[in-house]
Structures are given as C-alpha cells and as structure tokens.
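Work through the exercises below with the sequence and the model in view. Try each task before reading its solution.

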Amino acid sequence: MQKLLTLTCLFLAAYFSHLHAQTYKGIWMVNGKLETNTYTLNGSPTTILHLQPELALNFSESWMAGASLSIDFANKIARVGHGLFVRHTFIRANKNEIFAHAFFEHSSQRYLQGGGNSKYTTTTIGPGFGLLHFFNSAVALEAKMDYNLFQKTRSQFNSNKRNANFVLNFGLQYFFDSKLKADSVKWNYNINKGDWVIGGTATFGYKPNSNPDFNFTSSNILQPFAAYFITSHILLGSGFNTGNDASFQRILLGLSPFSRYYIKVARKHQFFGELKFSYNFIWQNSGEQYKRFPYSYAISPGLGYSTWILPEVSFDITFSIDNNALYDQILDEWFKAKQFNLNVGLTAFLRK
C-alpha cells in the first residue's frame, strides 16, 4: 500500500512538473455581449436591452483581477450593476486550471413608471472556486461555483438579507495576449469542413436581477448551442433553452435549430446569412397545477458580419427578425408579431 501511494505521488509530481500554464502574466480574459430586441406590444413599440462586458488581467503568473458591468432595460424596468473580483490559480493540469476567487457585486434597479421612485439595490459579497478547461489557447469553458456569503437587498421602504446560497455558472471565456504582436501571415483564418462553433451560458441557483425574461429574478437557466460546418461555407446547429423563475411559477423548455451560410470577402472578414426556427414549451403555475401556455414558434431570418480576432475567435454582429406566432386555444386563433434583434459578441471556433 505504501509503495502504491509513493508511486502515485511520484507520478503526480512528474505529471504536474511538466505542465505549462494556459494563463500567465499579461494575458487578458475578455467576455461580454450586447443584445437589443424591439417589438410592438398593445400598439406601442417596446425595447429590451442587455449589455454585459467583462475584463480581467493576469497581473502575475497566478493572480488575476477583473471587473464587470451590466445594464438591463426591459418592461419599463432599468437595472445597472457592476462587479469586482480577484482570483488565484493554484492547480494547473494539462488543459485545466483550478482557481479560487472572491467577488463583490452591486446593482440598482428602478421602475421607470411613476417617476422612477421605486428603487432597489442589491449587494452581494462572497468567495468561490472554479475550473477552466482550455479547448485551445484562446477559448476555455469555465465552471464556477459562487457562495453568496452576504446578500442584502434594500429599497426605500425596507431592507432584507437573504440566507447564504450557492450559484453554479457555466460559460465560455476568451483569452488574449496583452503583447501587441503583428498579425502573422501564417495564421489560418479560413473556415474548414469539420470545424465546430460552440457557445451559450448556464446558471444554477438563485441569482437576483439577472435576466429580463424572468423579471430580473431567475434560477436554473441553461442556454447552450453547438453547430458543425458540413462544408467550408455551411454551418448547421441548434440551441437548447430551459429555465425557471426563482419560485418555479414559470418553466420554459425550448429548442432552436439554425443554419448559416458564410461568404468570405477578405482575409479576416466575412458575411453570413442565417435562418433559425425556435419552438418553446412554457408552463405557468395557476395555483393548483401547471398549465401550458398556448403553442408558439418563431422563424427568424438574419444577416451578420464576422471578423476574425484570432484564428479561434471572431467578433460578430447579427441583425435578425423574429416572426412570432402564438396559438390561442380559447379563441382558436393564431396571433402573429415581429421582433427585431441586434446581437454583438464573440464566437468560439473549435478547429478540427
């Protein structure tokens, strides 16, 4: 037994001693997105805005510090939040890194009706830990467990503290070298048959003020997507969407297959056309049982522009139109509406 333990320790020591870091001093971790949706409700246009950039820097081989900003506007509710965090990487194993971190988040939410007098603030402080799995030098999947040690909500009428809870987050992170290197002519910016595109986010646990679709209070949101290039121009894939509000009064389950056709116009630039079909199942708690919402679907054509930042990362701007259809079982009638969307963000490519 002692020999086995000794051999195991020697193997692990040798294994870790030959690993090189994926993160290092001077590397930037960048993430973020911009989404706007405009539709007509009761004869008047309504706009939803979601902006969430995040930036961090490795100021030593193992230490990183960063900040985030979030701006949400939906259903005449405005929310502005900011956060600070610091993390320490203490284990590096091949393409994986394990880190511990501490974070501070503060947000203000205001109802714009009635002169905007109803204001709520939320402050959250806590530790956490996480794992980075690198697909390549620029893209990593992050699994992060936060422990909301202190969480206080305050309004003009009262304030309350919520019991400590855990929140589990999954998502992609993007890494860039701070040294401004010249663009190498050897870098391959071509799309190849067999390449993958992945993305999406997931949050499990109570997270206040996090999603306009759930009145800024959400829990258990899972929104991944994956797509595969069947040729050097044609991308086929699908997204999956599920979630519920914090009290499980509303549950959503959906699927959204899509396709894209890319047209290259320069070495690092390309346009694409997109067609997406979305179908959602929604259940609402009526007090005694869950009742399903009327059948609904959306057909969404779109156009986009993509420019390569790195061979594995592109910066995309997409404009699309959702042609929504909803069937009312009581009236036995279909209702149709259009929604205009603008999305800006980063896209991760996994090369074959």
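The exercises go from the whole chain to single side-chain pairs.

This is a predicted model, in which local features need pLDDT of at least 70 and side-chain atom pairs count only at pLDDT 80 or more, while totals for chains, interfaces and linings use all residues. Residues are numbered from 1 along each chain as its sequence is written, and side-chain values use heavy atoms, with hydrogens and water left out.

**Exercise 1. Describe the protein as a whole.**

Step 1. Start with the elements: the protein has one helix and 21 strands. Helices (H or I, at least four residues) and strands (E, at least two) are DSSP runs, numbered from the N terminus.

Step 2. Turn to burial. Of the 352 residues, 37% are buried; buried means under 20% relative accessible area, exposed over 50%, and partly exposed in between (1.4 Å probe, protein chains only).

Step 3. Take the surface. The accessible surface is about 19600 Å², and carbon and sulfur atoms hold 63% of this area. Such areas come from the Shrake-Rupley method with a 1.4 Å probe; for residues, only the protein chains shown count as cover.

Step 4. Look at contacts, meaning heavy atoms within 4.5 Å. Among those between residues at least 6 apart in sequence, 56% join residues at least 24 apart.

**Exercise 2. Which residues does R260 join by salt bridges, and what ring lies under its charged end?**

Step 1. The structure holds seven of them.

Step 2. R260 forms a salt bridge with E274, at 2.7 Å from N to O. E274 is in strand 17 (residues 269-285) and R260 in strand 16 (residues 250-264), so this pair ties together parts 14 residues apart in sequence.

Step 3. D316 also meets R260 in a salt bridge, at 3.8 Å from N to O. Because D316 lies in strand 20 (residues 313-328) and R260 in strand 16, the parts tied together are 56 residues apart in sequence. Through shared partners, R260, E274 and D316 form one network.

Step 4. Check burial. E274 has a relative accessible area of 12% and so counts as buried; R260, at 13%, is buried too, and D316 is likewise buried.

Step 5. The charged end of R260 sits over the ring of F272, 4.0 Å from the ring centre. This label requires NZ of Lys or CZ of Arg within 6 Å of the ring centre and within 35 degrees of the ring normal.

**Exercise 3. Describe the surroundings of R87 in the same way.**

Step 1. R87 forms a salt bridge with E142, the closest N and O atoms being 2.8 Å apart. The pair links strand 6 (residues 77-93), which holds R87, with strand 9 (residues 139-148), which holds E142, across 55 residues.

Step 2. Both R87 and E142 are buried. The charged end of R87 sits over the ring of F99, 3.8 Å from its centre.

**Exercise 4. Classify two aromatic pairs.**

Step 1. Rings of Phe, Tyr and Trp (its six-membered ring) pair if their centres lie within 6.5 Å; planes under 30 degrees apart count as stacked, over 60 as edge-to-face and the rest as tilted. The count comes to 17 pairs.

Step 2. W187 and Y189 are edge-to-face, with centres 6.4 Å apart and planes at 80°. W187 is partly exposed at 34% relative accessible area, whereas Y189 is buried at 3%.

Step 3. For F319 and F340 the centres are 6.5 Å apart and the planes at 20°, so the pair is stacked. F319 is in strand 20 and F340 in strand 21 (residues 333-350), 21 residues apart.

Step 4. Ring pairs also link W187, Y189, F229, Y262, F272, W308 and F349 into a cluster.

Note on methods. A salt bridge is a side-chain nitrogen of Lys or Arg within 4 Å of a carboxyl oxygen of Asp or Glu.
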